[in-house]
Each structure stands twice: as structure tokens, then as C-alpha cells.
Amino acid sequence: MMTQVKTAAEIEAMRVSGKMLAAVLQHLKNQVQAGMSTKDLAIIAARELERLGGKPAFLGYQGFPDVICISVNEEVVHGIPSAGKILQAGDILGLDFGVVYNGMITDGAISVIVGKPKEQRHLELVRATETSMYEGIAAVRDHVRTGDIGAAVQTVLDKGKFGIVRDLVGHGVGHQLHEDPNVPNYGRPHTGPWLSKGMTIAIEPMATLGTDKVYVAPDQWTILTADKSMAAHFEHTVLITEDGAEILTEV
Ligand code: MG
């Protein structure tokens, strides 16, 4: 389904949804420490979202078994929270969360390092991935093309010599978790589908310290880097406006 221009009421619901999402991710970021399991974080996320009045968008989506995706180190995205997965100092943790409010969905993610980074390059990866997301967002305006966004993201990640995951991409979002079109994290300006104001999209670069190749784990969900290099992921849901973008998944 192609992402639609949202009504004022739908946009307002997405603002509420996105603020809840951001508040939960912020809360998790504050709580993360070595020794916790990824399931501990998922339980906190579920409880916090319930308290705020939102519903988890990922639980049951194509059979996904939890409220949040938590991906550690070489896991890029779609990690399933597990009581047996204990966080260690220096782990790079991807927290990807989706919220439904009044029928409208927002999607967002952050990467955080547990305690101190093991290597300076880990910190650079996390920072560059976040910067590339904001550069992608800065390219957004009425009549933007997906290639304009992808090129802006790619420029940052290429400059830092990071791998850009190509098998997974940003997307339209709102009525459904994933709406068309795809919003790749690479590309050339002035190419790809046009987007107009009032549409809502998720911009979500996934970068690695090595290859851009990934594979699916035997659990059928977790996506890992093919060379076991570290990965980072940031995502915001944004509303396209006349001359820019309004970030919805922000507190
Ligand atoms: Mg997404």
C-alpha cells in the first residue's frame, strides 16, 4: 500500500504515538546497564508504553513475538528479546520500537552503547549512523524523491567508510507499519518515487563496521552482518512538510 497523505487528525494521532515511542526509548536508554537481559528491557518497554496509553505495533506483526526489537553488536535489526541474552559493557544495542495510537503507527530506533565503548570506532559508527539519519531528514521537503534522501544518508556513511545495509530500507508508515515506497539508505539525487507533504515516512539507516551483506538467523527474525562486524541503526518517523520535515518520534 502506497503511503497516503494523512489527515490532520491522523497526523495528530501520529504525534501522540511518536512522543510515546520517543519517551519509551529515552526511558530504556536511561535504564540500560550491563547484566540486564534484553528481555528485561522489553518488559520495561511494554510496561512504560502501557502506562503512557499506547499499544505496541510490533507484537504479533507477521508473528513477531515481542513488543520491541533488540539487536546486539553484529545483529543489525529484528533481534528477539531473550532472558538468556545478557548485556555486557561495550555492547552496541539497537532498540527498535513501534507504537500504535488511535490506529496510527510510528516507528523509531536508537543505538546505544552499554557503558563505555570498547573501541573508538564503535562510537564513530553509532554517531555516524545517527548523523546520516539526520542528513536524510534534512533532505526532506515537498516533492522530495527517495533517491534524494538515500543520497544524503549515503554521503555521510561513505565518507566514514561504513558499510550500508541495502537489504533493509526505510519506508512509508502510518496506517500500516510498512507502507510503500521503500526509502533506501543509498541512491542518487533526482531518482526514485516522489513524496509529497502530508505523507509520513520512516528514515532508518543501518550501518556496519564491515560488509553491507547480512543474513537471517535460524530464528527467522534476527538480521546479522555476514562478517560479524558491529552494526548500528537509527530511525525516525517524519511528516513531510512544505519546506522540510517534522520529526514525530521525538520527545
Ligand atoms: Mg522501520
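Mentor: Axes are lines fitted to C-alpha atoms, for helices over the stretch in contact, and angles run from 0 to 180 degrees between N-to-C directions. Helices (H or I, at least four residues) and strands (E, at least two) are DSSP runs, numbered from the N terminus. This is a predicted model, in which local features need pLDDT of at least 70 and side-chain atom pairs pLDDT 80 or more, while totals for chains, interfaces and linings use all residues. Residues are numbered from 1 along each chain as its sequence is written, and side-chain values use heavy atoms, leaving out hydrogens and water.

Trainee: How are α3 and α4 oriented to each other?

Mentor: The axes of helix α3 (residues 120-138) and helix α4 (residues 146-159) come within 8 Å and cross at roughly 155°. Angles over 145 degrees count as roughly antiparallel, under 35 as roughly parallel, 65 to 115 as roughly perpendicular and the rest as oblique. The two helices, α3 and α4, are therefore roughly antiparallel.

Trainee: Which word describes α1 relative to α2?

Mentor: Helix α1 (residues 8-31) and helix α2 (residues 38-52) pack with their axes 10 Å apart, at an angle of about 140°. That makes α1, relative to α2, oblique.

Trainee: Which residues coordinate the magnesium ion?

Mentor: Donors are N, O and S atoms within 2.8 Å of the metal (3.2 Å for Na, K and Ca), and since water is not among the atoms, sites may look incomplete. Along the chain, the donors of the magnesium ion follow the spacing D-x63-H-x32-E-x30-E. At 2.1 to 2.3 Å, the coordinating residues are Asp 107 (OD), His 171 (NE2), Glu 204 (OE) and Glu 235 (OE).

Trainee: Are Glu 204 and Glu 235 buried or exposed?

Mentor: Buried means under 20% relative accessible area, exposed over 50% and partly exposed in between, with a 1.4 Å probe and protein chains only. Both Glu 204 and Glu 235 are buried.
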